[in-house]
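Visitor: I would like to go through this structure with you. Could we begin once it is on the screen?

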Amino acid sequence: MKKKAWFWTFPALCFLTIFFIAPLFFIFIESFQAEKTWGFDNYINVFSQPVFTTALLRTLKISTIVTFLAALLAYPAASAIVKSKRRNLLMSLIILPLMTNAVARTYAWLVIMGRHGLINSVLLSLGDTRNPVQILYTEPAVIIGLLQLFLPFMVLSLVSALENMPADVEEAAYSLGANKLQTFWRVVFPLSREGLVFGGTLVFTGSTTAYVTPAMLGGTKLLMLSTLLQQKSLVLLQWSSATVIAVIMVIMVIFINQVFKGRRLEETS
Amino acid sequence: MKKIISVVLLIIMLGILVLAQGETNAAVPSKPDKLVVSWWGFNLDLLDKNIAEPFEQKYGIKVEWDVGDNVARLARLVVRKDKPVVDVVGFTPTFAYRAIQEGVLQPYRPERIPNLAYIYDWAQDPLSGHYVVAYTVQCMGIYYRTDKIEPPVTSWKDFWRPELSGYLTWPEMNTTYGPALLLMSSKVWGESDRDLDVGWQKLSDIIERAPTLYRRSSEAIMLLQQEEVWLAPMPSFAWGSVEALGLPLARVFPEEGVIGEMSVVGVVNGTPNIYWAEEFINFLLSHEVQMAEALDLVDSPVNTFVDLPADIAAKLVYGEELIDSLVFFDPTYLGENIDEWVEKWDKLKL
């Protein structure tokens, strides 16, 4: 049986090894090579650049905010979907954005968030502001764009978790005198934490590594790790710095995965 | 006897003729199926119409464009340095300088480009060493919204007007005009174009006051179109697109001078098609191509024999008065310092 499993997974493993693991390995090796000598010079050089630390902190900050907001929005949505009779329709609507090209979706935000876009039109008509507000090319714009991009993943993950929850636990909590907030915090949330952790992993790592959305909605003044990597590799041709940033991004993703995986194991044990 | 000698002489003469023909054929290498030209993607349809299709018609060689901005194309050339897939490349002088330093360009043979004799002197060998030729001249003017900005914009200094904060944009340092604008800022606010401390201070203000900066002229055009900005420096090759927006925009040649720039073309080092690459460059400088590109408002001519109608000339970098007023900054100085300036620029954005 084990041999059969190896046989069927072998082609996929070969593909992953050649086109994923091998390139990553070469990048990792090259990150320790500076002008034909080996060492940590490239890492010291990158970490000593203020632009890198700023991009790193900004990336972590924005990814954390997006993950938190995704959880906040996804919970009520997932709960409604699970309880709805039109579950399939609602799931389709959630998945639909995933079928649209990310660039096209981000371009739509350029129109919505522009000075004469939908948001400013509403604000001006309500009298909340006398002049259009600068929304594009700010951190909130990037957060909104990333949230729209990755929210479906959180919703799907929580839907799966809530579906596996016993159907009558909420009713039981209400019957014991808990209100809605208490029921959520003390019953629903603990039981769905595994889904939250899984969804959080997807959203956080996706936000950390996204390029198109930060580049288009953040502009060139708000550097994140992905846009800094693009600049180092394709603008300045500083390959040694670019390999270091690439390695750091991979390590970050692996670390987050391990942290969240640890939490998932704790939940299930 | 006389007959025999005549026949022998005839045979010898025929033999010499055949050998000479062979030698002539050997001087012109065989035609490749295609010539790969690394170029900007702006106005690609017009480049096909004015350059690629006529070249193919004349020489039977298809032109394949490898498009992208300077940085991406230079990166690709460097990566494939040992086995280039590109034959001819177009760059700004700053990037051409970097390309020469990276060893991805090789000198052309001036005798293979007779049309050099018909172009401006400063266009013939802008970086020395016969590495590149300027095939077009550009400049950077300013566009601004006449309905939003009063009094009118007349100077580079207008970018620092307090009321325009949040409504202007500026090119990134790693673009065609980024380094030149540093020197122009130094020149207009300081003692000279090398008064860089002053220039950097002023650029720091610009970064603070611009909602975003742009890497490509198409991004700047989009910012104007979406009315995110009302004021932008704009290179001449994008003027046609700006005016097609249909917005109340006016073009300004600032009183301190118009930044002059060229686009240059060179032969990629290691290409097996050197002969045809040089032929392409010569074709690019021909009256036919220079005229066609000018009439379609793609590129301003460097061929001094191109005679344009007044309405077209007004939209291009053309005419003795404008050409003489162009401020060209030393591309070697720009190329030597670009890396350091980009790092410094990034620090200002923090």
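Visitor: Which residues have the most contacts inside the largest nonpolar core?
Guide: This is a predicted model. In the largest nonpolar core, which has 92 residues, the most contacts belong to B:Val88, B:Ala96, B:Val133 and B:Ile281.

Visitor: What does B:Ala96 touch, leaving out residues up to four places away in sequence?
Guide: On that basis B:Ala96 touches B:Phe91, B:Leu105, B:Leu127, B:Tyr131, B:Val132, B:Val264 and B:Gly266. Another core, of 53 residues, lies apart from the largest one and includes A:Ile143, A:Ile144, A:Met154 and A:Val247.

Visitor: On to the domains. How is chain B divided?
Guide: Domain 1 of chain B covers 32–137 and 261–328, and domain 2 covers 139–258. The C-alpha centres of these two domains lie 26 Å apart.

Visitor: How many residues of each are in contact?
Guide: Domain 1 of chain B has 15 residues in contact with 14 residues of domain 2 of chain B. On the domain 1 side, α3 (70–79) and β9 (326–328) of chain B are the elements that give two or more residues. By class, that side holds six nonpolar, five polar and four charged residues.

Visitor: And between the chains, how many residues does the contact take from each?
Guide: The contact takes 17 residues from chain A and 21 residues from chain B. On the chain A side, α3 (50–83) and α12 (225–235) of chain A each supply at least two residues, and α3 of chain A gives the most, with three residues. The chain A side has nine nonpolar, six polar and two charged residues.

Visitor: Now the backbone. Which peptide bond is cis, with omega near -5 degrees?
Guide: That is the bond from B:Glu150 to B:Pro151. B:Pro151 is placed in the loop between β5 and α6 (178–189) of chain B. As a general rule, most peptide bonds are trans, and most residues other than glycine have a negative phi.

Visitor: Where is B:His130 found?
Guide: B:His130 is in the loop between α5 (121–124) and β5 of chain B, and B:His130 has a positive phi of about 60 degrees although it is not a glycine.

Visitor: Why does B:Leu297 count as partly exposed?
Guide: B:Leu297 counts as partly exposed because it has 19 C-beta neighbours inside 10 Å, and a buried residue needs 20 or more. B:Leu297 lies in the loop between α11 (287–295) and α12 (310–313) of chain B, with a positive phi near 60 degrees.

Note on methods. Residues are numbered from 1 along each chain as its sequence is written. Chains are lettered from A and ligands numbered from 1 in the order in which they are written. This is a predicted model: local features need pLDDT of at least 70, side-chain atom pairs count only at pLDDT 80 or more; totals for chains, interfaces and linings use all residues. Domain bounds come from an automatic or database domain assignment. Two residues are in contact if their C-beta atoms, placed from the backbone, lie within 7 Å. Helices (H or I, at least four residues) and strands (E, at least two) are DSSP runs, numbered from the N terminus. Ala, Val, Leu, Ile, Met, Phe, Trp, Tyr, Cys and Pro count as nonpolar, Asp, Glu, Lys and Arg as charged, and the others, Gly among them, as polar. A nonpolar core is a set of buried Ala, Val, Leu, Ile, Met, Phe, Trp, Tyr and Cys residues joined through C-beta atoms within 7 Å. A residue is buried if 20 or more other C-beta atoms lie within 10 Å of its own, exposed if 12 or fewer, and partly exposed in between; C-beta atoms are placed from the backbone.
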